[in-house]
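Thanks for coming. I will go through one structure, starting with a few strands and ending with its cores.

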Amino acid sequence: MSERAWDLCSVRTMIMVCPEYNRSHQEKEEHMLLHLSIHTLYMHPQSSGTDTLQCFIFPLFKILNQNLLQASMGMDGKKLEYKGEDALRELEELTIKAKEVQDSILKEIITRNGASEYLNKYMQGSIDLLTFKTRVPVITYEKIQPYIQRIVNGEDSSIISGHQITEMLMSSGTSCGEPKLMPSIAEDLDRRTYLYNLIMPIMNKHIPDLDKGKAMYLLFIKAEKQTPSGLPARPVLTSYYKSPHFRTRTHDPFNDYTSPNEAILCPDRDQSMYCQLLAGLIHRQCVLRLGAVFASALLRSISFLEKNWIDLCRDIRTGHLNKSITDPNLRAAMSKTITSQDPQLANELEAICSLRTWKGIICKLWPRVKYIEAVLTGSMAQYIPALEFYSEGKIPLVCTMYASSECYFGVNLNPLSYPTEVSYTLLPNMAYFEFIPLENGLQPNNEEKIEQDKLVSLVDVKLWCYYELVVTTFAGLCRHRVGDILLVTSFYNSVPQFKFICRRNILLSIDTDKTNEEELHKSVTASKKLLEAYDLLLNEYTSHADTSTIPGHYVLFWEITNTSTKLSLATPLNAELLQNCCQVLEDSLGYVYRRCRSHDKSIGPLEIRVVEEGTFEALMDLIISQGGSINQYKTPRYIEQGQALELLNSRVKDRFFSSRDPVWSL
Ligand code: AMP
């Protein structure tokens, strides 16, 4: 076939395979454009097939696809803008026709991104779903990272995507200590908004009259930077709160927030928290629900309130905003909230806040609250007891959604289920989902290479089986292992509902940090070197996330022996040395941990608890006595709770804390 004939053939094929083409309401216009492009091929006979496709056809398809995607995201051709009852109807249809929706999503992703350097390497021009499933490898972030890095450095988005990458979303997962960067395209914001818009109609089915008051959500942005190519690199929530989708949202009685946008968008966390709490207290009689995205942030806000209520009450009493709030936008916005002196409210609040115990403080401060919303599944489950303490177990704890920087996954259709029972329904129009079965029960599959034919599609997962989630996104991630382990607990229409079990390999997490065994080991290795000069040896170690205080902190249990005959076992340890060990540990942990510690202040100083010699042998005896195998025994690198933790704590000789923030820069 001549090259030009091939070009024309490609164009025709592309026209034919584009499923939405014929039914699009922009049919005429696009038809004209396509004719024009075919004409262009004739007019530029000197250009090669690839050139022609790159220069004329792909840009054209970019325009075409943008329109088509918008049209095809809803089952009935509407955009991703459903609200209220419409959103629930759409959800019903999506979950009934999940297989069709998933197939068309994959087809669309391949059509749009097929020409990208990454996908084309495997698909070689094919747009066939089966070809995708047999040829495209299942990968971890490390395999796509070099491509992402090239875009970060200024190369074209077409390396991985048919669309312009508009930002890089900084995930809380790290790779070699650095945050993973997930590509994002403009329309991803529509997809996130679509999911947010589902929450209230779902909630409203279970709890009526949520439009009769306000929502006190404590939302925060985090530090962001620019890539060398000028793209913003920031966490997904920061991106969302800064987007027009959030900032210029239309007023909706179901989403009437106490916090002014300026307070949410204030980069100074203390000023932001202070003003959001102040607004929440001023509107205390109207607040019908309260929360934060993650339970850790909500508890930090309560702890902040504990430290600052006297100042907050003073502001309410005098009608003047505290001078420590220096952000001019924030001051201007708060002047609309704090409009006059209110000594009566200040007296009420002071009486409540000065009570001997803060048990049930949420019910007392916000007496009309119908539910508390925060992620309390996965690693956040450790905060359930604390929130139950502050709400006296009287207010439902609601987990509404499951999402990530790669893509927003799904919602909880039974929001009143207790956090440990929550399952999320994956929305089939968010991305293309596949699942790696965990064949040995809960044993995560840490193999580098996953055979393509092992993967199971969304509607084919089996009840009560464990899987690892794999996504293919519009922005250009193909068969990317998210790392989350999920259990199928039920089906909603044809869509499975998943309980979040854990994240593959993650040992420690206090806030949005996620530290895996390898990262912990690397920092312990760096830190224990300091001991050598003192003839000390780290025998064994394990870790624990201590959330008994807010903010929580990492604890390392260290068993140290003297290697010198000069030192007796009873010689006290050098405090400065052990403090330095804490600091080296922290400096060697990942970016997100160090940001949480130094910038967000959402993690407290790391602690080393030195245990008596023989403690780890006793730990082994305990675990074996509880049914562990002696032959396969390995020291657990993380102890969550129970007898093992009690044993370790009962043998602590000394405790040391890091005395400065770890090194961190944007
Ligand atoms: P990030 O990479 O920072 O966007 O974090 C996304 C990860 O946070 C997910 O892959 C999960 O591991 C975790 N996550 C998000 N939402 C939930 C949830 N509702 N329950 C449990 N874990 C969650």
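**Strands, then cores**

Strand β9 (residues 401-403) and strand β10 (residues 408-411) run antiparallel and are joined by three bridges. Strands here are DSSP E runs of at least two residues, helices are H or I runs of at least four, and both are numbered from the N terminus. Two strands pair if DSSP finds at least two bridges between them.

This is a predicted model: local features need pLDDT of at least 70 and side-chain atom pairs pLDDT 80 or more, while totals for chains, interfaces and linings use all residues. Residues are numbered from 1 along each chain as its sequence is written, and side-chain values use heavy atoms, without hydrogens and water.

Back to the strands. Ala403 has Tyr408 in β10 as its bridge partner, and a hairpin of four residues connects β9 to β10. β10 also pairs with strand β11 (residues 424-426), antiparallel, over two bridges. There, Gly410 is opposite Leu426.

Now the cores, meaning sets of buried Ala, Val, Leu, Ile, Met, Phe, Trp, Tyr and Cys residues joined through side-chain atoms within 4.5 Å. The largest nonpolar core has 178 residues, and Leu469 is among those with the most contacts inside it. Helix α14 (residues 295-318) gives this core its largest share, eleven residues. A second, separate core has 13 residues, including Phe557 and Leu647.

Last, Leu645, in helix α23 (residues 643-650). Is Leu645 buried or exposed? Leu645 counts as buried because its relative accessibility is 13%, and the cut-off for buried is under 20% (1.4 Å probe, protein chains only). The C-alpha atoms of Leu645 and Phe557 are 10.0 Å apart.

Note on methods
Buried < 20%, exposed > 50% of the residue type's maximum accessible area, 1.4 Å probe, protein only.
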